[in-house]
Amino acid sequence: MKKALVVGINDYAPIGSGGPDLNGCVNDARDMANTLVICGFNPAKIKILTNQNATRANILNYLKALVNSSIKGDSLVFYYSGHGTRVANIGADLEIDGLDEAICPHDYASAGVIRDDDFKAVLSKMKAGVNLEVIFDCCHSGTGTRKMDLGLDLELSYETPRFIPPMLEDEFYMTYASEMQSSKASKKTTSMTKALIPVAGMNHTLWAASKDNQVSMEGNMSGQIRGYFTYHFCKILRATNGNIVRKTLDKQVAIALAAMGAAQLNQTESITAEFSQKIFS
């Protein structure tokens, strides 16, 4: 069975104007849900959370239900479009242990972000033989922000990064992260080149709109505000009815982003064998 949880947040607390609101994320969520139907998902098996419904508690509870109710042979999708940030990962010994990437639910200012560790705790319960695609169209770091000349018939009066600046304490650790990590030889270094990233033991495939030192952008695409990554990701899936292997989809999205001059490189992570398999299988 194919099941999905689709999250898109334009409106951050407080409800209505105010807060770090976006404009293209609900459009992205609609496009992703419709694209999944074209790829064989039953509309009744796609749960959509937008704006004030996309609270931290709701996102985690629906994701837990998606994972816990699945059985071997199921194909799951968790899609998120909204703001991202990075937070310091404080270990049990109160030592700083690197940085966590995090997504920002509607109520992140009061309820907190959802970080890597929160997702790992949920996904660790996934049964063997279940396929999961995790798709994030958000930013994890602000260092790559720049306006871009796309050279196409696009209206650039509106263009914004999907990024929440870190809190001071997290920003401080980010500043010194390279020095802190150099003392830990086991820490992986971030590649600046486009690549499929094999991660041993990973039980899902992660599709990220940008590398962890870049921003993911939204802007006007043919008259509608859209996330650049989601726009191309869905367009390619619709053109192929989802009948495409992951490494081909990854490459075609990268080519499309480069062709429009986008200052972001999509990044895909999974175990090596999954790159040659069809998505959703």
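**Close-up 1. Strand 13 and its two partner strands.** Strand 9 (residues 196-198) runs parallel to strand 13, and three bridges join them. Two strands are said to pair if DSSP finds at least two bridges between them. Helices (H or I, at least four residues) and strands (E, at least two) are DSSP runs, numbered from the N terminus. This is a predicted model, in which local features need pLDDT of at least 70 and side-chain atom pairs count only at pLDDT 80 or more, while totals for chains, interfaces and linings use all residues. Residues are numbered from 1 along each chain as its sequence is written, and side-chain values use heavy atoms, with hydrogens and water left out. To find your way between the two strands, look for I197, whose bridge partner in strand 13 is E269. Strand 10 (residues 205-208) also pairs with strand 13, here in the antiparallel sense and over three bridges. For this pairing, A208 has Q267 as its bridge partner in strand 13.

**Close-up 2. The side chains of strand 13.** In a regular strand, side chains alternate between the two faces of the sheet. Here Q267 and E269 point one way from strand 13, T268 and S270 point the other way, and all are buried. Buried means under 20% relative accessible area, exposed means over 50%, and partly exposed lies in between (1.4 Å probe, protein chains only).

**Close-up 3. A salt bridge between D31 and R226.** The side chains of D31 and R226 meet in a salt bridge of 2.8 Å, N to O. D31 belongs to helix 1 (residues 25-38) and R226 to strand 12 (residues 224-227), so this pair ties together parts that are 195 residues apart in sequence. Both D31 and R226 are buried. A salt bridge here is a side-chain nitrogen of Lys or Arg within 4 Å of a carboxyl oxygen of Asp or Glu. The search of the whole structure finds 10 salt bridges.

Close-up 4. D137 forms a salt bridge with R162, and their closest N and O atoms are 3.4 Å apart. The two residues are 25 residues apart: D137 sits in strand 7 (residues 131-137), and R162 in the loop between strand 8 (159-161) and helix 5 (168-175). D137 is buried at a relative accessible area of 0%, and R162 is buried with a value of 0%. Turn next to R246 and E274, whose side chains meet in a salt bridge (2.8 Å, N to O). This pair links R246 in helix 8 (residues 246-259) with E274 in the segment after strand 13 (267-270), 28 residues apart. R246 counts as buried at 0% relative accessibility, whereas E274 is partly exposed at 22%. Salt bridges that share partners also join D28, D31, D137, R162, E218, R226 and R238 into one network.

Close-up 5. F119, V122 and L123 are buried in helix 4 (residues 116-123). Seen down the helix axis, the buried residues fall within an arc of 90°, so they line one face of helix 4. The arc is that of the directions from the helix axis to the C-beta atoms. The rings of F119 and F136 have centres 5.6 Å apart and planes at 50°, so this pair is tilted. Rings of Phe, Tyr and Trp (its six-membered ring) pair if their centres lie within 6.5 Å; planes under 30 degrees apart count as stacked, over 60 as edge-to-face and the rest as tilted. F119 in helix 4 and F136 in strand 7 are 17 residues apart, and both are buried. Ring pairs link F78, Y80, F119 and F136 into a cluster.

**Close-up 6. The surroundings of L249.** L249 is found in helix 8 and is buried, with a relative accessible area of 0%. Leaving aside neighbours within four places in sequence, L249 is in contact (heavy atoms within 4.5 Å) with W207, F233, I236, L237, I244 and I279.

Close-up 7. Most residues other than glycine have a negative phi, and most peptide bonds are trans. A cis peptide bond joins A13 and P14, with omega about 5°; P14 lies in the loop between strand 1 (2-8) and helix 1. N51 has a positive phi, near 50°, and counts as buried at 18% relative accessibility. S222 has a positive phi too, near 55°, but S222 is exposed, at 66%.
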